[in-house]
Amino acid sequence: MRFEIVKCHGSGNDFPMIDARALTLSDAEWAGVARALADRRGPVGGDGLLLLVPGDERAAFGMVMRNSDGSEAETCLNGVRCVARAGFEALGIEAATVRLKTSHADAVHDADLAPGVYTVRETAGPAGLSTAAWPIVGAPDTLIDAVLPMLDPERRFTAVTMPNPHLVHFTGTVDEAELVRLGMLCEAAPDWLPNRANVSFVEVRGDALFVRTFERGVGLTDSCGSAMAASTYAACLTGRIAWDVPTVVFNRGGLVRAFAREDGMVTLSGNATYEWAGSVEVDLASETASDLTVDQRFPHEIAAWEAARRG
């Protein structure tokens, strides 16, 4: 089956994106398409697959995000910005509510984050603090800057759903080896964490945050939008930064502007950058991609983002 795709990224979180509003594949088939297209050894590669899908009575359109292992995420805020851009362009609008798996997000075409960087402002939430919703079996009702003995006997975590589950640890210096170790423990879906979790180590750098994330279904990634949102909320909740104050949140992939409210709503403003557009063949039976054709490239967008990311 041949798919028209746009290769895009939000804050370095890169994806093939498909307008799937008129396509009818089963969940199992879409999972296979995600594994084929996100495979870094294949012709496309990415942190997952984004689908622009129909909306509902509240939303102009929707987003489905599948991780590179084929699993469906509750949300992907870097992906929301890319899908919102595609939806805006398809419908000729500048703002919309976007339907997600278990929630909605509001998105609007924002002022450029930097010259030439297409920018979307998104508001999602409310963030949740109930560990029963994950579930985290054997944990207290809420976990705020506290030890989770099943994961680590010393490090303190804040458990936040955004609505996907995040464990946020604040540290002076990110230890990537330890982040990967803890992320893999969660990825193994132990009895106490059957639905797994995203794990982030966060440095407070003055009035900014630096976030490094082991993403559920993906692994160590340069960027995770919901992790940046969860980390911003957790930083406010624990008094490390102030509510309602715009904060720059960095990761390996780039940056966003962010602020969190006490009601749990978090706003991110960041890029939705197109790299190229084309088509690719996917064998649904073998879950492999081949015969990539690139019809259009966006070098000016790539250059504008690189200039913004570097400073």
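Modeller: One definition before we start: helices (H or I, at least four residues) and strands (E, at least two) are DSSP runs, numbered from the N terminus. Also, this is a predicted model.

Biologist: Fine. Which elements each supply at least two residues of the lining of the second largest pocket?

Modeller: Helix 1 (27-38), strand 3 (48-54) and strand 4 (61-67). Strand 3 gives the most, with three residues.

Biologist: What is the volume of the second largest pocket?

Modeller: About 160 Å³. Its lining includes W30, L51, V53, P54, V64 and R66.

Biologist: Which strand gives the most to the lining of the largest pocket?

Modeller: Strand 1, with five residues. The elements that each supply at least two are strand 1 (2-10), strand 2 (13-19), helix 2 (77-91) and strand 17 (273-283). By class, the lining of the largest pocket has ten nonpolar residues, one polar and six charged.

Biologist: Changing topic. How many cavities of 30 Å³ or more does the count come to?

Modeller: One. The volume of the largest cavity is about 50 Å³. N67, A73, T75, C76, N164, N198, E215 and R216 line the largest cavity.

Biologist: Which classes are in the lining of the largest cavity?

Modeller: Four residues are polar, two are nonpolar and two are charged.

Biologist: Now the packing. How many residues has the largest nonpolar core?

Modeller: 54. C8, M17, L50, F61, M63 and F88 are the residues with the most contacts inside this core. Helix 4 (residues 225-237) provides the largest share of the core, eight residues. There is also a second, separate core of 20 residues, with A139, L182, C186 and V199 among them.

Biologist: What is L50 in contact with, leaving aside neighbours within four places in sequence?

Modeller: L50 is in contact with C8, F15, P16, M17, I18, M63, V64, M65, G79, C82 and V83.

Biologist: Is H104 buried or exposed?

Modeller: Buried: H104 has 18% relative accessibility, and the cut-off is under 20%. H104 lies in strand 6 (residues 104-110).

Biologist: Which side chain does a polar contact of 3.0 Å join to that of H104?

Modeller: The side chain of D56. A polar contact of 3.5 Å also joins the side chains of H104 and R58. Not counting residues up to four places away in sequence, H104 touches D56, R58, A59, T97, V98 and R99.

Biologist: Where is the place of D175?

Modeller: D175 is in the loop between strand 10 (165-170) and helix 3 (176-187). At a relative accessible area of 36%, D175 is partly exposed.

Biologist: What does the side chain of D175 reach at 3.2 Å?

Modeller: The backbone nitrogen of E178. The backbone nitrogen of A177 also lies 3.2 Å from a polar atom of the D175 side chain.

Biologist: On to backbone geometry. Which residues does a cis peptide bond join with omega about 0°?

Modeller: G125 and P126 are joined by one. The peptide bond from W134 to P135 is cis too, with omega near 0°. P126 is in the loop between strand 7 (119-124) and strand 8 (146-147), and P135 is found in the loop between strand 7 and strand 8. Most peptide bonds are trans.

Biologist: What is the phi of R196?

Modeller: Near 65°, a positive value in a residue other than glycine. R196 is in the loop between helix 3 and strand 11 (198-205), and R196 is buried, with a relative accessible area of 17%.

Biologist: And the phi of E287?

Modeller: Near 55°, again positive in a residue other than glycine. E287 sits in the loop between strand 17 and strand 18 (288-297). With 29% relative accessibility, E287 counts as partly exposed.

Methods: Residues are numbered from 1 along each chain as its sequence is written. This is a predicted model: local features need pLDDT of at least 70, side-chain atom pairs count only at pLDDT 80 or more; totals for chains, interfaces and linings use all residues. Side-chain values use heavy atoms; hydrogens and water are left out. On a 1 Å grid over the protein atoms alone, a cavity is a set of points where a 1.4 Å probe fits but cannot get out, and a pocket is an open set with protein on both sides within 12 Å along at least five of seven lines; lining residues have an atom within 4 Å of a point. Grid points are joined across faces, edges and corners, and a volume is the space filled by probe spheres set on the points. Ala, Val, Leu, Ile, Met, Phe, Trp, Tyr, Cys and Pro count as nonpolar, Asp, Glu, Lys and Arg as charged, and the others, Gly among them, as polar. A nonpolar core is a set of buried Ala, Val, Leu, Ile, Met, Phe, Trp, Tyr and Cys residues joined through side-chain atoms within 4.5 Å. Buried means under 20% relative accessible area, exposed over 50%, partly exposed in between (1.4 Å probe, protein chains only). Contact means heavy atoms within 4.5 Å. A polar contact is a pair of N or O atoms within 3.5 Å; within protein, one must be able to donate a hydrogen and the other to accept it, and residues adjacent in sequence count only if both atoms are side-chain atoms.
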